Amino acid sequence: MQHLAWSCFFFMLKQGQLKKIKIGVIGAGPAGLVAGYLLSKAGLDVEVWETDQRYVGGISRTEVYKGFRFDIGGHRFFSKSPEVEDLWSEILPDDLLQRDRLSRIFYRGKFYAYPLDLAEVVGNLGGRESLLSVASYLKAKLNLSPRLDNLEDWVTRKFGGRLYRMFFKSYTEKVWGMPCRDISADWAAQRIKGLSLTKAVRRALRPRRSTPKAGEAGRADVIKTLITSFRYPRHGPGMLWEAAAAKIRAQGGSIHMGTRVGALKRADSGRWRVTLVAADGSERQQEVDQLISSAPLGWLVRNLEPGLPPAALAAAGALRYRDFLTVALILKTPSSFPDNWIYIHDPQLKVGRIQNFASWSPEMVPDPTMACYGMEYFCNQTDHLWSSSDAELIQMATQELLSLGLAQEGDVIDGAVVRQPKAYPVYDDLYTERRTIIRAALSEHCPGLHVVGRNGMHQYNNQDHSMMTAMLTARNILAGEQLYDVWQVNQDAEYIEAGSAGGGSPSSASPAAACRGA
């Protein structure tokens, strides 16, 4: 689907009103590839630099091991933004499957469907514990203290203390490696936006409803965490991003794999001079008119020349990240459970989440008589877990799978390990203040430099949010002015118009507004 905004920009290009400028893009993840795709499609000269020698897609890539495909985490293709959904369809028109969502929580030896099944919850917890949970929720609602500074307070207000301890505390502390009281409430407010116990119970009491498909009425009102279906590329998310990379090349753009970006220098001419390091260690320099970065924000600030003010450097140095590794276990037996993924709320087990890749798409597993599970572990690079050998990790993951009753002794016949550094920007109590300092410094000292995506903006988000920041950045570049502040894109990939933060309603980035602005 061709959007009105892009039609306006293409018309401008044909009329010669937009000079052909050179764009450099750091990182071939969703944000970098979307920016590269849209700008090369508009006729600009685009170069994308990616450190990985083999895969595009960043954390949304699909790894392949002996024909088995697996995600670095699971990636649902669902967005409230019609523009994002349309772009997915444009890039990969024939290979997006419609999949039913099935996920559960494992807690105290029992599985709980998520979204909640009320009868199952009461049956598993028992009548007494269920009543105590309701009483705990009512008690939390009577607490009128306005302070909800951390994740524990935020979730307790929404669900009550007992349910917080059952279904949030253990898993969340596995993900972040720190107490929930040290995690900003922003994370919960964004990740489970619009959800509360009363809404979850109402949802559980109603018959299961299908999630409206892209373009259907009611999609904008869906709570993301409760969706019942989503789209998914038949060969995993990397299939879509590989298609995007191929289209960039076909449109005249370049993607340089195995290329690490070094120093970023603002030249006297106003252009950006980028030092590029190839896999063999050789260096070259490239000048570009505009630079888009999806690399970690802390890294970016430390590599700018001339350097930013001391306050910005200190803020960048204090940004924290959580690392992640996947142990993909290959079993000689078919899948023993139907879920797409299972959350493990058991502090005795190190695994945080388990992906069943055949349930995402049957074509992820080359042999239907076999299975491939992704055992996901959240850690820091300084942890023993990260530095353990692949053989040790495969053995540990196998034992944890057996302890959950999801496999039998001898079922696991092979495995592979993928380590993902800086997978999650940490939302600690000072991250907002640090980002504000960095944003102001970049705005003042770095014209022509744009940050996009999860790590580029130090904002834990989904693919659609990363894509929307890149889409709006591309529009800003094509317009030759800042029509949009990409920091105003919320977790639903909606653009919050300037001045609406005090109570205005969010709206999708308007193509008509982009055309008028241009």
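In this predicted model, Trp272 has Val288 of β12 as its bridge partner. This pair belongs to the contact between β11, which spans residues 272-277, and β12; the two strands run antiparallel and are joined by six bridges. Both strands are part of an open sheet of four strands, arranged in the order β12-β11-β10-β14 with mixed pairing. The edges of the sheet are formed by β12 (283-288) and β14 (304-305), each of which pairs on one side only.

Glu305 and Pro306 are joined by a cis peptide bond, with an omega of about -10°. Pro306 itself lies in the loop that connects β14 to α12 (310-318).

Arg108, although not a glycine, has a positive phi of about 50°. Its position is the loop between β6 (103-107) and β7 (110-114). Arg108 counts as exposed because its relative accessibility is 69%, and the threshold for that class is over 50%. His458 is likewise not a glycine and has a positive phi of about 50°. His458 is located in the loop between α17 (453-456) and α18. Is His458 buried or exposed? With a relative accessible area of 0%, His458 is buried, since the cut-off for burial is under 20%.

At least two residues of the lining of the second largest pocket come from each of α16 (431-445), β20 (449-451) and α18 (463-479). The space in this pocket amounts to about 610 Å³. Its lining consists of 24 residues, and those nearest the centre are Cys446, Gly448, Leu449, His450 and Gln482. Sorted by class, the lining of the second largest pocket comprises 11 nonpolar, eight polar and five charged residues.

The cysteines raise a separate point. A disulfide is a covalent bond between the sulfur atoms of two cysteines. How many disulfides does the model contain? The count comes to zero, where the criterion is a pair of cysteine sulfur atoms within 2.5 Å.

Note on methods: Residues numbered from 1 in each chain as written. Predicted model: local features only at pLDDT ≥ 70, side-chain atom pairs only at ≥ 80, totals over all residues. Heavy atoms only, no water. Pairing = 2+ DSSP bridges. 1 Å grid on protein atoms, 1.4 Å probe; cavity = no way out; pocket = protein on both sides within 12 Å on 5 of 7 lines; lining within 4 Å. Points joined across faces, edges and corners; volume = space filled by probe spheres on them. Nonpolar A, V, L, I, M, F, W, Y, C, P; charged D, E, K, R; others polar. Buried < 20%, exposed > 50% of the residue type's maximum accessible area, 1.4 Å probe, protein only.
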